[in-house]
Amino acid sequence: QCLYQFLAFVPPSNERLRKPGTASVMVDTQHPLTLLLNSSVGDTDLCKVQYHFGEFGNYSLVVKTLSTSTQTVSCDLIINEGPINSYLPILFAFLVYMGILAILIAGRLLMKIDPVRNWVYKKLNPRATDRMINSELGSPNTTDSINCDPSPHPWSSASRRRLHSLDTFRGLSLVIMVFVNYGGGKYWFFKHESWNGLTVADLVFPWFVFIMGTSIALALGSMLRWGSSKWKVLRKILWRTFVLILLGIIVVNPNYCLGPLSWDNLRIPGVLQRLGFTYLVVAALELLFTRADSGTWEGRFPALQDILPYWPQWLFILVLEAIWLCLTFLLPVPDCPRGYIGPGGIGDFGKYPNCTGGAAGYIDRLLLGEKHMYQHPSSGVTYQTTMPYDPEGILGTINSIVMAFLGLQVPLFLSACILYNSETCCSYYINFTNFLFQGIISAILTKCSKEEGFIPINKNLWSISYVTTTSCFAFTLLLLIYYLVDVKKWWSGAPFLYPGMNSILVYIGHQVFANYFPFKWKMQDSQSHAEHLTQNLIATTLWVVISYILYRRRIFWKI
């Protein structure tokens, strides 16, 4: 439903020289396009062609006049040069990383052979050799600093050991985030969706929020069981919130070489700012209702032991979501239809060019001011919007709180799996059903479509369908990682474990040094997927290596 945009004027043919009029244009290949040919006389439509062009393909639209009296023409699309297979660099990169993984596994297996082990002992320092043998790519039979004791423990003991599946999940999300922020090889599915829809890039931030909620439940419960008072924990929550928001404002306003920072154009929202505020609300909510000696629910419905004791929290979250729905669909926005959640610009046939984001954009412009918002939203690429719009704005923060709260429920699920016997493990199925229910909600809200749903999946708005969809994915992936890493110990979590344990340092570091060598250099062909992918993968891998080195030296940046 985009307004047609002028591409080119085709001059008339030269009948004396029998030379046709030609015009060359470059078009987008991410989406199918509709080319409309208009007559310069009378402004009538001559022909319409719908086609999905391929990358670096060369095409001709040949127009021939069949009847001058009726202005009848024929339009034939001819492929002069077929598009390239732009996905081959991804395949090659995958094979390279699989080769590296195979070498590491082979080296690990060789170290289990006694003659090889003895030779290494002779050549290397015994202490260093021992570290190599017990590396994080080890087998599940080896007990080391990463793998946990496979025998079940009571909750008081389990809380003292770290669930490495959480660090692995966080690290996986962070590695994808770094790769996406560095360019993602210039592939469209590694970029944020212009408006409605979901790409790989749109998954990582909500996953990060989700696992933050999970960590909150585990951390607060552990501190209270160790005897910390709620006032002491609250002071720590407030301090961490302040540091996250401060770091976020510094990171999103880079002015390292341009002189003093201008307060007139200071961007206020951002990723870390949203994480900080979400952390404050969810952590305070959990602190208010959690108990240091939380045991088994003894009410009439033991299957609902992860819901009934915390009904005030659920009520608070439902009220927040009701506020989001009311503001989004009932708040009057000047010069915009009530309940509008479109991209504005040339979207919706250009009827509402200055209504980008509807109520969400209006609230940010009203409370923050246009100069304190993100000036280049992803909607500007496809929909040519001119209004500033911040994807980390005020209204969307409500649903990021909901997302973190859903992550807060995961430890209740894990406790039912590890700590209780099979008779009370019905909580396992109840919690799993909760997340399956979220998938059903997403299907209903979106009508299983990208554009036609009641509330489409939208990362810019952080719509409720976006939250339920990504949380359903997050829970499924976390459950799989938990089973492989902490239950069966078939995988130590490497290499994602390392950035997951130093997430703040890696996130801020990759932002600050994004334009410095060796994370970025001048490319010979800026249109080459292979060059972009190579550069982005090397930069991302370097941060994984840096986090591994810091892990080996036991250097962790905690807030």
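This is a predicted model: local features need pLDDT of at least 70, side-chain atom pairs count only at pLDDT 80 or more; totals for chains, interfaces and linings use all residues.
User: In which helix is the place of Ile-394?
Analyst: Residues are numbered from 1 along each chain as its sequence is written, and side-chain values use heavy atoms, leaving out hydrogens and water. Helices (H or I, at least four residues) and strands (E, at least two) are DSSP runs numbered from the N terminus. Ile-394 falls within residues 394–408, which form helix H12.

User: Is Ile-394 buried, partly exposed or exposed?
Analyst: Buried means under 20% relative accessible area, exposed means over 50%, and partly exposed lies in between (1.4 Å probe, protein chains only). Ile-394 has a relative accessibility of 35%, so its class is partly exposed.

User: Which residues is Ile-394 in contact with, leaving aside its neighbours within four places in sequence?
Analyst: Contact means heavy atoms within 4.5 Å. Beyond four places in sequence, the contacts of Ile-394 are Ile-363, Asp-364, Leu-367 and Leu-368.

User: How are the rings of Tyr-87 and Tyr-187 arranged?
Analyst: A search of the whole structure finds 26 aromatic pairs, where rings of Phe, Tyr and Trp (its six-membered ring) pair if their centres lie within 6.5 Å; planes under 30 degrees apart count as stacked, over 60 as edge-to-face and the rest as tilted. For Tyr-87 and Tyr-187 the centres are 6.1 Å apart and the planes lie at 20°, so the pair is stacked.

User: How far apart in sequence are the parts that Tyr-87 and Tyr-187 tie together?
Analyst: Tyr-87 is partly exposed at 41% relative accessible area, whereas Tyr-187 is buried at 1%. Tyr-87 lies in the loop between strand S4 (72–81) and helix H1 (88–110), and Tyr-187 in the loop between helix H5 (164–181) and helix H6 (204–225), so the parts tied together are apart in sequence by 100 residues.

User: How are the rings of Tyr-498 and Tyr-551 arranged?
Analyst: Both Tyr-498 and Tyr-551 are buried. Their ring centres are 5.1 Å apart and their planes lie at 45°, so the pair is tilted.

User: Which Arg lies over the face of Tyr-551?
Analyst: A charge sits over a ring if NZ of Lys or CZ of Arg is within 6 Å of the ring centre and within 35 degrees of the ring normal. Arg-240 lies over the face of Tyr-279, at 5.0 Å from the ring centre. Over Tyr-551, at 4.9 Å from the ring centre, lies Arg-554.

User: Which residues touch the most other members of the largest nonpolar core?
Analyst: A nonpolar core is a set of buried Ala, Val, Leu, Ile, Met, Phe, Trp, Tyr and Cys residues joined through side-chain atoms within 4.5 Å. The largest has 80 residues, and its largest share, 13 residues, comes from H6. The members that touch the most others are Phe-210, Ile-216 and Leu-275.
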